[in-house]
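Reader: I would like a close look at one part of this model, with the overall picture first. Please keep to what can be read from the coordinates.

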Amino acid sequence: MNEHDPTNGQPEHGEGPSPGDCDPQIAELMEQVQRLQAERDDLNQKYLRTAADSQNAQRRALREQEEAKRQGMTSVIANVLTVLDHFDLALAQDPAKVTAQQIISGVRVIRDELSRILQSFGVQEVNPRPGEEFDPHRHQAVMQRQSESVPPGRIVQTLQPGYALGERIIRPAKVAIRPSQPHDAPPAAWDGD
């Protein structure tokens with residue numbers, strides 16, 4: 001070795017000994033390190049591709065969801081336009097030439113058409129009959145009304161029908177219910193227990 005050699009025979013920084021310059025164990029370890037580095041690089045590339053694929057899939061799913069929403073809205077609007085056309089025809093009638101009965105009949109046709117359209121989209125009317133059990137998830141009690149023909153706490157009258165989409169209530173039916181206690185009887189006293 002040359003005393004003036006600053007590396008003292010060591011390889012310069014960044015240069016490793018070649019596998020042929022080392023003993024077989026070191027050469028084997030160096031090859032193993034190189035394989036592991038190549039495997040790491042390969043896995044990193046696979047990870048980046050997978051992450052990019054995942055982002056693309058999320059974007060595509062979001063676009064498809066928005067498109068499905070637009071198509072659903074378009075379908076609803078197209079059906080409602082038919083009802084609007086019926087209203088326009090009814091309003092174009094000469095009031096001097098139609099009877100009240102004809103107008104009422106026309107309004108019934110329009111209402112039936114709108115009801116049919118709602119049903120085609122899965123909307124069902126919630127219209128309880130007198131005597132049915134009050135269900136706070138489907139009905140909204142807006143008043144109490146006495147009735148001899150209906151048991152206490154049950155529906156006496158539907159004031160406004162509700163609507164449901166499948167099991168989801170869009171609008172509860174507004175109902176009058178018979179009070180649980182007779183109208184003239186005082187509320188039951190609380191005994192403190």
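What percentage of the 193 residues in the protein is buried? And at what angle do helix α1 and helix α2 pack?

Author: Buried residues, those under 20% relative accessible area with a 1.4 Å probe and protein chains only, make up 11% of the 193. This is a predicted model, in which local features need pLDDT of at least 70 and side-chain atom pairs count only at pLDDT 80 or more, while totals for chains, interfaces and linings use all residues. Residues are numbered from 1 along each chain as its sequence is written, and side-chain values use heavy atoms, leaving out hydrogens and water.

The average pLDDT (the predictor's confidence in each residue, from 0 to 100) is 85, and 82% of the residues score at least 70. Over residues 184-193 it is below 50, and that stretch has three contacts (heavy atoms within 4.5 Å) beyond near neighbours in sequence. Where pLDDT is low, the predicted coordinates should not be read in detail.

The protein has two helices and six strands, taken as DSSP runs (H or I, at least four residues; E, at least two) and numbered from the N terminus. Along the sequence the order is α-α-β-β-β-β-β-β.

Helix α1 covers residues 24-91 and helix α2 residues 100-120; they pack at about 175°, with axes 9 Å apart. Axes are lines fitted to C-alpha atoms over the stretch in contact, with angles from 0 to 180 degrees between N-to-C directions. The two helices are therefore roughly antiparallel, a term for angles over 145 degrees. From α1, the contact residues are Asn 79, Val 80, Thr 82, Val 83, His 86, Phe 87 and Ala 90; α2 supplies Ile 110, Glu 113, Leu 114 and Ile 117.

Definitions and conventions: Buried means under 20% relative accessible area, exposed over 50%, partly exposed in between (1.4 Å probe, protein chains only). Angles under 35 degrees count as roughly parallel, over 145 as roughly antiparallel, 65 to 115 as roughly perpendicular and the rest as oblique.
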